[in-house]
Amino acid sequence: MTLPNGLTPEVARDEAARAYELDRKHVFHSWSAQATLKPMVVTAAQGSYLWDGDGNRLLDFSSQMVNTNIGHQHPKVVAAIQAQAAKLCTIAPPHANDARSEAARLIAERTPGELDKIFFTNGGADAVEHAVRMARLHTGRYKVLSRYRSYHGGTETAVNLTGDPRRWPNDHGNAGIVHFFGPFLYRSRFYAENEEQESQRALEHLEQTIQFEGPSTIAAIILESVPGTAGIMVPPPGYLAGVRELCDKYGIVFIADEVMAGFGRTGKWFAIDNFGVAPDLITFAKGVNSGYVPLGGVAIAPHIAATFDDRVYPGGLTYSGHPLATAAAVATINAMAEEGIVENAAAIGAEVIGPGLRELAEQHPSIGEVRGLGVFWAVELVKDRGTREPLAPYGGTSPAMAETVAAAKAAGLLLFVNFNRLHVVPPCTVSEAEAKEGLAILDQALTVADSHLA
């Protein structure tokens, strides 16, 4: 028996042991205390599965960092990278090349409204950095509003925009960022009893924040169309349209962060398409080419782009629109269109994952709420449904969460985890059988969470 990459189990184990040894000796990991790390070695991946260093096959319900939207090792994307490497590995960004031009065309075709100019970056965080820079230069203002319970990246501006605890060690209060509360009915800050109230009161709060901060000082409002790492809180009807109206009223640039939610994740090309709203700028990365080669970017509306028709845009990157990355994007977008992958994500969410998670919520008292769209779901775990006390504290973890996740992994399921939530985020290519397999394993693991209830 061999793994999908042709390695025998014996060779794979030897390579894994060597990889682990070198990792612990030389690699400095992100978002981690280095001394406590025991990273899992991955030796192979294919479709919705990966294999660890011990030869165990795991169903990848994390899509790694919620980015392998087209699954692992998609043959069309792998072939496109190989062909581009043989043709033109790299070229400086001032020069046009066919891979970048075609990727820009394909992305612009799918953006809402008229966002038909594309600025390429290396990933999501620097896409956010450049979107904010564009908004500030376009408006001549500096402040940017961002919601609590959000994540926008790890670079200086992006991490200050972030509304979760990863911001705290990096926040010195001088980045021109103001945070506000977005809608989240399950843990409402507005004492709302239904989605209509939550939307209305959240918009009233946002407008009051704008007025108190001074509309003439605010360059942009940035929102994840559907917040990802922070909890997959699908905004209630009317909220994003209301934000669009407030931005128009006060001359503020509306930036939609689609880094995690874009390119099929919610069953639409962009998550904001679920709400019929067109922002001024869209940031993207991750699913644009499933992370096969690092790539991100900003989609730009005509009135923002026109600001730089005769004025130099003061920003750029050596690898902006890198041929290998954009060739991977072309192949990814074409494969998603040809194979109905976005439609598959919508169907699996509506017919399998959503109903399956709601059924699990009826069976497991540790589930406080399930919510999501497409292949983008969160399972909120609580100690008590009445008080909604989370199974792990905000910004931390707990033995109950660790044991639940470990039980899922031992049974062959890799989950994306944040605080007290399990995120069910398989590739957009996941089959009905694979989705049901994952839900069955999750069902077993949740008995561990249930055992920790008071």
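**View 1. Helix H7 lies across strands E5, E6 and E7**. In this predicted model, helix H7 (residues 195-213) runs at about 150° to E6, where angles run from 0 to 180 degrees between the N-to-C directions of axes, which are lines fitted to C-alpha atoms, for helices over the stretch in contact, and contact means heavy atoms within 4.5 Å. Helices (H or I, at least four residues) and strands (E, at least two) are DSSP runs, numbered from the N terminus. Local features need pLDDT of at least 70 and side-chain atom pairs count only at pLDDT 80 or more, while totals for chains, interfaces and linings use all residues. Residues are numbered from 1 along each chain as its sequence is written, and side-chain values use heavy atoms, with hydrogens and water left out.

**View 2. An open sheet of 7 strands has mixed pairing**. The strand order is E4-E10-E9-E8-E7-E5-E6, two strands being paired if DSSP finds at least two bridges between them. Strand E4 (117-121) and strand E6 (177-180) stand at the edges with a single partner strand each, so one side of each is left without a neighbour in the sheet. Within the sheet, strands E5 (residues 143-147) and E7 (residues 218-224) run parallel and are joined by 4 bridges, and Ser-146 has Ile-222 in E7 as its bridge partner.

**View 3. Helices H12 and H13 are roughly antiparallel to each other**. The axes of H12 (residues 399-410) and H13 (residues 432-450) come within 8 Å and cross at roughly 150°, and angles over 145 degrees count as roughly antiparallel. Glu-403, Thr-404, Ala-407 and Ala-408 in H12 meet Ile-441, Ala-445, Val-448 and Ala-449 in H13.

Technical notes. Parallel < 35°, antiparallel > 145°, perpendicular 65-115°, else oblique.
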